[in-house]
Amino acid sequence: MSQLRTRTRPARTHLARTHVARTAGTLALVAVVSLTACSTPAASPGVAGETVTIGTHTPLTGPAAAGYASISAAASAYFDYLNDQGGIHGRTIEYVVKDDAYNPATTQTVVRELVQEDGVLALVNGLGTPTHGSVVDYLNENGVPDLFVASGSPAWDDPEAYPWTFAFNADYVTEAKVLAHHAQETYDDAVFCVLGQDDDFGTDFTTGLTTVLGELASTQTYSVSNQDVTAQVGAMQAAGCTVNFLATVNGFTALALGTAAKMGYRAQWLSSSSGGDYPTLLGYLGEDVGPALLQGFVSTNYLPFSADDPWVELFRRVNDEYNDGAPFTGNTVYGMSVAYTFAEALARAGEDPTRESLVEALESGDVVGNGILPLQFSADSHKAFGGVGITMVDGGMQDYVGSAWTTDTGDGPVVAHDGEPVPLEDEGVPQP
Amino acid sequence: MDRLVFLLGTGVARGTVLALFALSLVLIWRATRIVNFAAGAMAVVGVYVGVAVTGATGSWWWGLVATVVAGGLLGFVVERGVLRFASARSPLSGVILAIGLVVVLQSLLGIVFGQEHEPVQPPFSDRPLQVGGVPLLSPYDLFVVVVALGLLGALRLLFVKTSLGLQLRAAAFEPEVSRLLGVRVARMRTVGWVLAASAASLAALLAVPNELGLNPHAADMLFVSAFTVAVVGGLDSPGGALLGGLTVGVVTSVVTGYLGATLAPVAVLGLLAAVLLLRPSGLFAQAEARRA
């Protein structure tokens, strides 16, 4: 300051003098602001007096929107419900949803906007393996909690490389091992085959299958750019496959089943949870032929889905009241479960949550979620679910059969889980 | 052997739909020397109208008529309202206008009808007929083949045997001279767009039952493949579009069947590169002397 003043000589023009005066004023202001900042604890980004701001990236437009746009809508609806109940620690949750059209380049832009302009506390449920993969380094370098990634890639469970990233979906390897185990126990003299997406999804899932079943009779792949799977289904038919696993998204599960039906090819189909949602599949196949094609269809799930489950009843109510009664699908349950789980983490993160306390709450293992298995986050593992349950379609209803199963992503055994699903408490409003 | 026959059948079925769509690109190219990058999005608008009419009347055939009419109308509006303002000096101008149109149309469809896939049932059985134990073409596939051949024949008649066809060709090939000779060039261009947009809508309507369902993006991949087909067959040649469609369809199916789905687009790209290197006017284009 003194330096500035000595530079001001009387010979200077009026303009120069006001300029200097302004600079000095600004400097003083900065000094005052930083002083106050030092005297009170630094507020965490995204946490204000009455609100907590979080954000996500998800496809709302473009070809991928069809399958996923309903997830963030359901999550937003659940946050609205929570806010109407008074929020968490007296703060309402503001969920900023940014459209990335499933394009990794756009994901990078919108996530930077969320962090730098919207100043979010955390990124919650960023969707997609390739899209989220493009921002996971950025989020971890900047210490932004990256919670409940919407993808089954095992990559998100890597606390050493990505201490701020937490998975949500049961990973593809775990799912495949449980499905394979179920198939081995259930179908005698079966010929096992797989149709998988030609990316990490398909290869991780197939790895899980072969760990349990050994070599498969036929391994087929599809590429999302070609909506014609006749050649692949024909190959499975020719190879005499009787039990077919699917590492497919919902649309391609429907295509595979529809194509097989057209060709008069009957087989047992078992799908990953990513492509095994009955209401969504019915949407693709149509109400007239869908129920017949899907009878006996087996999939996995790790979230409440039985029609009489208290969680499902609550979600249906919230969906009607806060989501304009949008079609109630697996995506609805998924989005609301993510919202609930975040609210639970926030409730455990203390009265004045920070990015650090949020991660600590998750790593403490106190956040259990609402799945058929409790969440198993710890400091060493950022994997959300250690297992999945088996679902089957019967008479137009998809429901769990038998217990849940747990396993690891290596060659460990598949073990029946004897615990109960996490019960619904306090009307789905997490209490501190 | 059975396997090869099966894959050939699948390829022919897919290839015919590609050929139909490619035909629309060829039509616009012949009429205006523009590659219509909005063809996919425009065609889907027609299909939405057709599906709505089918839903309202209960008849697939009325839906077919509505698709063709709506497609043609949109072609008219787009040519008169948008593409007419493309600069004649730079081919890029038309391309950019068309891409802008894609964004507008797809967003509008998304706003009005949502992003979900709506299943569309074919009018006939799409169960393949078994020939010697091998599932080959279905009655629906055969219908598509008949429509494609019929349309090809009709267009050939139109272009070669009628005065309108002659004027269309003249207007595209030599607009200045045609104008001096009394051909209403602007009107001919509009006619070309209407014909092409109708054909594209028809092709998309026929393609949708074999895909995920109707969605604002339902014709995206169809357009990309059909564009390849049109270039492989020769942008100037309707017959080339048909043969190119069958070639691309069979290559995709056989490569998927023997080498895997991942390599199918690579094989098609390889075919495209080879054609562009060895015979840039297209495999089946005969008109070296008539290039504009």
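How many helices and strands does the secondary structure of chain A come to? Chain A has 15 helices and 13 strands, where helices (H or I, at least four residues) and strands (E, at least two) are DSSP runs numbered from the N terminus.

## Ground rules

This is a predicted model, so local features need pLDDT of at least 70 and side-chain atom pairs count only at pLDDT 80 or more, while totals for chains, interfaces and linings use all residues. Residues are numbered from 1 along each chain as its sequence is written, and chains are lettered from A and ligands numbered from 1 in the order in which they are written.

## Chain A overall

Take the contacts in chain A between residues at least 6 apart in sequence: 67% of them join residues at least 24 apart. Here a contact means C-beta atoms, placed from the backbone, within 7 Å.

An unreviewed UniProt entry puts the feature "domain: Leucine-binding protein" at residues 51-395 of chain A; such annotations may be inferred rather than shown by experiment, and the positions follow the numbering used here, with feature names shortened. That stretch is 43% helix and 17% strand, with its end C-alpha atoms 45 Å apart.

## A hairpin and its neighbour

Strands E11 (residues 387-394) and E12 (residues 397-406) of chain A run antiparallel, joined by eight bridges; two strands pair if DSSP finds at least two bridges between them. A:Gly389 sits opposite A:Ala404 in E12(A). Two residues lie between the strands of this hairpin, and A:Gly395 takes a positive phi near 60°.

E12(A) also pairs with strand E13 (residues 415-416) of chain A, antiparallel and over two bridges. There, A:Trp405 has A:Ala416 in E13(A) as its bridge partner.

## Where chain B meets chain A

On the chain B side, 33 residues are in contact with 28 residues of chain A. Helices H1 (2-32), H4 (91-113), H9 (220-233), H10 (238-259) and H11 (263-278) of chain B each supply at least two residues to that side. H1(B) gives the most, with five residues.

## One residue of chain B

Which residues does B:Met42 touch, leaving out those up to four places away in sequence? They are B:Gly71, B:Leu74, B:Gly75, B:Val78, B:Leu105, B:Ala197 and B:Ala200.

Note on methods
Two residues are in contact if their C-beta atoms, placed from the backbone, lie within 7 Å.
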